[in-house]
Amino acid sequence: MLTIHPKDTVTSTLHSYLLSAVAPRPIALASTIDEEGRPNLSPFSFFNVFSANPPILIFSPARRVRDNTTKHTLENAKETKEVVINVVTYDIVQQTSLSSTEYDKGVNEFDKAGFTMIESEKVKPFRVKESPVQFECKILEIKQMGREGGAGNLIICEVVCMHVDEMVLDEEGKIDQLKLDLVARAGGSLYSRARESFFEIPKPIKNKGIGIDALPENVRNSVVLSGNDLGMLGNVEHLPEESDVNKFLQDNPQFMTSEINEKHKFAQDFLSRNDVESAWKVILGK
């Protein structure tokens, strides 16, 4: 295993490892203005939500690694203490990338990237019309992580107004992740389209799983079943009744086998289809 000690590693190299390993990351398309009222727009993938009450978002414009300079977004945030964070969807990802170009101060990235400026209700920076979710924020604090190239600046924002396009809502008025179609950043030039990689895992808080430690020894030590498979098997509250196991095997005799690896392969196939109950019935069958 490669071991990296940050203090002994060139910043650009460490930066590459961090961005590739901590991924995918959501993107904040941050809209700010300077003291003269000139708009600025730039994306940041050091970003996330950290509280719901109060609603807090944090993003971090890092000092440039190559020359230790700061970005206009950070300068504007210090001057005006306001920002609008717009989410980035697949439909606008190319324009978002274009807005990251390091134009001179005072150049309007809304114009350069072809985005439409619309006025906010509670803050002065403009919203991006093409973004389906927009957060108007007051900046509570800017926490400097360091003074050298690559050092982050945590901009802690309180959401004072949120706008959601009704086109991305479901019948219950909640955001539909598939309709929203967010994208995320990885290392290098790589992006990820969120809706193409969604999968569901039942939350353990809904039940108290028996745990992997409670699985039969031959299951825990299986050469077929993966850690993910064991996690699914351990996330059940109780095992199927013997009568249900027997009925299942009577109805599906093709899964009756005394060969452990073959039995586990059958179970793994059910797990790949999220059918944990049938997987357990195969495993428990005699």
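This is a dialogue on reading several features of a predicted model.

Visitor: What does Val-83 touch, leaving out residues up to four places away in sequence?

Guide: Its contacts include Ala-30, Phe-59, Val-123, Phe-135, Ile-139 and Cys-157.

Visitor: Is helix H10 (residues 276-284) largely enclosed or left open?

Guide: Count its buried residues, where buried means under 20% relative accessible area. In H10, 7 of the 9 residues are buried, so the helix is largely enclosed by the rest of the structure. The buried ones are Val-276, Ser-278, Ala-279, Trp-280, Lys-281, Val-282 and Ile-283. They pack against helix H6 (217-220), helix H7 (227-233), H8 and helix H9 (260-272).

Visitor: How many salt bridges does a search of the whole structure find?

Guide: The search finds 14. To read one, look at the two partners, then at where each lies in the chain. In one of them, the side chains of Glu-82 and Lys-138 meet at 2.5 Å, N to O. Glu-82 is in strand E6 and Lys-138 in strand E9, 56 residues apart, and the pair links distant parts of the chain.

Visitor: Which parts does the pair of Asp-181 and Arg-193 tie together?

Guide: Their side chains form a salt bridge at 2.7 Å, N to O. Asp-181 lies in the loop between helix H5 (177-180) and strand E11 (183-185), and Arg-193 in strand E12 (residues 191-193), so the pair ties together parts 12 residues apart in sequence. Both Asp-181 and Arg-193 are buried. They also belong to a network of salt bridges with Arg-195 and Glu-196.

Visitor: Why might residues a few places apart in a helix point the same way?

Guide: An α-helix has 3.6 residues a turn, so residues three or four places apart point the same way. Here, Asp-251 forms a salt bridge with Lys-247, with the closest N and O atoms 2.9 Å apart. The two are 4 residues apart in helix H8 (residues 242-251), separated by about one helical turn.

Visitor: In what order do the strands of the open sheet with E11 stand?

Guide: The order is E1-E11-E12, with antiparallel pairing. Strand E1 (25-26) and E12 are at the edges with a single partner strand each, so one side of each has no neighbour in the sheet. E11 and E12 are joined by 3 bridges, and Ala-184 stands opposite Ser-192 in E12.

Visitor: Which residues form a nonpolar patch on the surface?

Guide: Leu-2, Ile-4 and Tyr-17 do, with about 290 Å² of accessible area together. Ile-4 lies in the segment before helix H1 (11-21), and is partly exposed, at 30% relative accessible area.

Technical notes: Residues numbered from 1 in each chain as written. Predicted model: local features only at pLDDT ≥ 70, side-chain atom pairs only at ≥ 80, totals over all residues. Heavy atoms only, no water. Patch = residues over 30% accessible without salt bridge, like charges linked within 9 Å, V, L, I, M, F, W, Y side chains within 5 Å. Areas by Shrake-Rupley, 256 points an atom, 1.4 Å probe, with all protein chains shown as cover. Salt bridge = Lys/Arg side-chain N within 4 Å of Asp/Glu carboxyl O. Buried < 20%, exposed > 50% of the residue type's maximum accessible area, 1.4 Å probe, protein only. Contact = heavy atoms within 4.5 Å. Pairing = 2+ DSSP bridges.
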